[in-house]
Amino acid sequence: MATETAEPAVGAAQHLELEDRIRLLRAMLLMRGIEERAMSLYRQGKVPGSFYDGYGQEAVSAGPAFAMAPEDRLCILHRDLAAHLIRGVSTVRILAQYMGRETGITRGRDGNVHFGDPRLGCVGMVSMLPDMMLVATGMAMAFKLRGEQRCALTWFGDGSTSRGDFHEAMNWAGVQRLPVVFVLENNQYAYSTPLDKQFAVDPVQRAAAYGLTGVTVDGNDAEAMFEATRAARARALAGDGPTLIEAVTMRMHGHAAHDDMKYVPKEQVELWRKRDPVDRQDSRLRELGVDVAAVRAAVLAEIDAATEEALAAPMPSAGDATADVFATGEAVPLGDGQAPWSGFAGRGEVSS
Amino acid sequence: MPTMTYLQAISSALRDELRADERVFVMGEDIGVFGGAFKVTDGLFEEFGPGRVMDTPLAESAIIGTAVGAAVVGMRPVCEMQFSDFISCGFDQLVNVAGKMNYRQGLAVPITVRLPSGGGFSGGPFHSQNPEAWFMHSPGIKVVAPSTAEDAKGLLHTAIHDPNPVCFMEHKHLYRRIKGDVPSGIYETPMTARVARAGSDLVVIAYGAMVHVALEATEDVDGASIEVLDLRSLVPLDSDAILDSVARCSKVVIMDEANATCAAGAQVAALIAEHGFEDLDGPVVRVATPDVPIPFSPPLEQAVLPSVERVREACRELLAY
């Protein structure tokens, strides 16, 4: 159970067809474009509250989500929009969500990326991090109890590793040897707190102590993230237990819209700008002769159309503010999500 | 109808559910091989095995959190907190993750959390609490608190069948003291109040172990006709039954074994003040535990927990008002 470092996967797409690699780029472009648009809407006063984005971290959600099958289940963090896109949430519903509209995923009950579409096998985060590690662990526990070949996956940040739920989830998953993948997005800062004030030892090293496989991956390489997650999922399904993947990346924007990030040295930002995950996938595909400009144009057109539609969507009715606190009728479990990776082709229709 | 203790009734509900519904499993600390700190799950491990009667690590947040995860993929977890006091370690998962899920995402979280609660036997500050009000104040969580063996079984079935997180407050002091006839098989007790004894001069409103204190205290208070209303459910709170009793009796004593401030009884008092004021013939009187940690030594503990004498005296004074 030694901690290992995944091989650098630059240009080495072991299990990805060209179409897959384009899909990954598209998901990341869409994430970046939607978040840029949302920030602009925020500045126009159309997004209430604050706004959080994942600029520079697009590969951390795109790669792992791409490795998940329809029947797998995901608990998604706030800088991981690409995971929602890959599972099948539409751009217009996401923009409506940010603007607190009735047609947003939470129908105005929660903001930002605090959502998950239950019909697509996803649970939205809560602000107490990393609570969802335990929820994902519980999903995996149910899969194991029922003898199902399924996996649960969740993301959390470097700050999360300081909280007790990190320990409880890692320990529980290790004790029960559960089919769960933990993706630690190490983006260098928890709000303004740098890593050296968060932990004395890189948390991926704790994996071995809990009986987990631990791997460190270039979090700005979507294909490397995909490969590491695909391998982790295979281990999980083979009964070889959970994996902690540390995705090393950088939060390139402030914690939220209000945060000018003055506490981050400029050189650090410049260094990471050269490692931009979207640019990296873009260059790769250009070298392979892909018409990347066309992909970009299609993404922009989609965002433009979705923005118009979301802006026209109704706000929720005040009369609904106290509805749905309790569920009624039979509890409906999470449904299956989309799984666009070609490796899942021929597995039958996605039930959602 | 078989006669069971309150504890046996709870065990019986768990066994019946495990037999009837493969989605149901029970989880907690020391509940499997050992059968639980109070032996509520005794024998279940042998019948259903380690997957469905699961010994967990000592991790209350994880017990609740993993139950949420299992529930949203189709299971029906029943969690045991070894003592209700320990739910403070799982508070965040219950309040923020489970309680808000349906409102935020339209995703039901059918989990039951069994909370062995209450004092009266020198459990001290960490084994005697009645934390139900914490969850009454948290949207999206139901809270039930049976006082009889029949209701303990029936309400546990109701809780497990409910599509929401339900806190099942089972009073430790009733486990082996209280016995009663219990119907066979699976039945649901509604989350509504029950008139434990009908009366017309005064009503004592209580739940859990305090129902028995109320019944004993009011058996004969100078010949007055005293009603005892057993709330059974705190969320939802049966406003109709409460206001109906107030309308018929006009005088009210409200009991809590919990610390007085913001207790369930405080909510009942507020309800009566808002909606039953015209029916009152005297001030609403509360008998509750003062706002102190529950002390260990018997004379100290008995000094703070509501006693038969305190309730009787409160009734006597109010009757004379």
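Which elements make a right-handed β-α-β unit in chain B?

## The β-α-β unit

The elements are β4(B), α4(B) and β5(B). The model described here is predicted. Within it, β4(B) and β5(B), the latter spanning residues 112–117, pair in the parallel sense over three bridges. In that pairing, B:E80 stands opposite B:R114 in β5(B).

Strand β2 of chain B, residues 24–28, pairs with β4(B) in the parallel sense over five bridges. Here B:G28 stands opposite B:E80.

## Burial of β4(B)

β4(B) runs over residues 76–80 and is mostly covered, with five of its five residues buried. In a regular strand, side chains alternate between the two faces of the sheet. Both faces of β4(B) are covered. B:R76, B:V78 and B:E80 lie on one side, and B:P77 and B:C79 lie on the other. Each of these residues is buried.

## The five-stranded sheet

Chain B also holds an open sheet of five strands with mixed pairing. The strand order is β9-β11-β10-β13-β14. On average, neighbouring strands are turned by 25° against each other, direction ignored.

β9(B), residues 194–197, and β14(B), residues 285–289, stand at the edges. Each has a single partner strand, so one side of each is left without a neighbour in the sheet. For β9(B), an antiparallel pairing with β11(B), residues 226–230, is made over three bridges. One pair of bridge partners is B:V195 and B:L229, the latter in β11(B).

Helix α9 of chain B, residues 264–275, packs on this sheet. α9(B) touches β10 (202–206), β13 (252–259) and β14 of chain B. The direction of α9(B) makes about 150° with that of β13(B).

## Contact with chain A

How many residues of chain B are in contact with chain A? There are 32, and they meet 39 residues of chain A. Two elements of chain B give two or more residues to this side: α3 (60–72) and α4 (91–105). α3(B) gives the most, with nine residues. α4(B) contributes to the side that touches chain A and is also the helix of the β-α-β unit.

What is the make-up of this side of chain B by class? It has 17 nonpolar, 13 polar and two charged residues.

Technical notes: Residues are numbered from 1 along each chain as its sequence is written. Chains are lettered from A and ligands numbered from 1 in the order in which they are written. This is a predicted model: local features need pLDDT of at least 70, side-chain atom pairs count only at pLDDT 80 or more; totals for chains, interfaces and linings use all residues. Two residues are in contact if their C-beta atoms, placed from the backbone, lie within 7 Å. Helices (H or I, at least four residues) and strands (E, at least two) are DSSP runs, numbered from the N terminus. Ala, Val, Leu, Ile, Met, Phe, Trp, Tyr, Cys and Pro count as nonpolar, Asp, Glu, Lys and Arg as charged, and the others, Gly among them, as polar. Two strands pair if DSSP finds at least two bridges between them. Axes are lines fitted to C-alpha atoms, for helices over the stretch in contact, and angles run from 0 to 180 degrees between N-to-C directions. A residue is buried if 20 or more other C-beta atoms lie within 10 Å of its own, exposed if 12 or fewer, and partly exposed in between; C-beta atoms are placed from the backbone. A crossover is right-handed if, with the strands pointing away from the viewer, the path from the first strand over the helix to the second runs clockwise.
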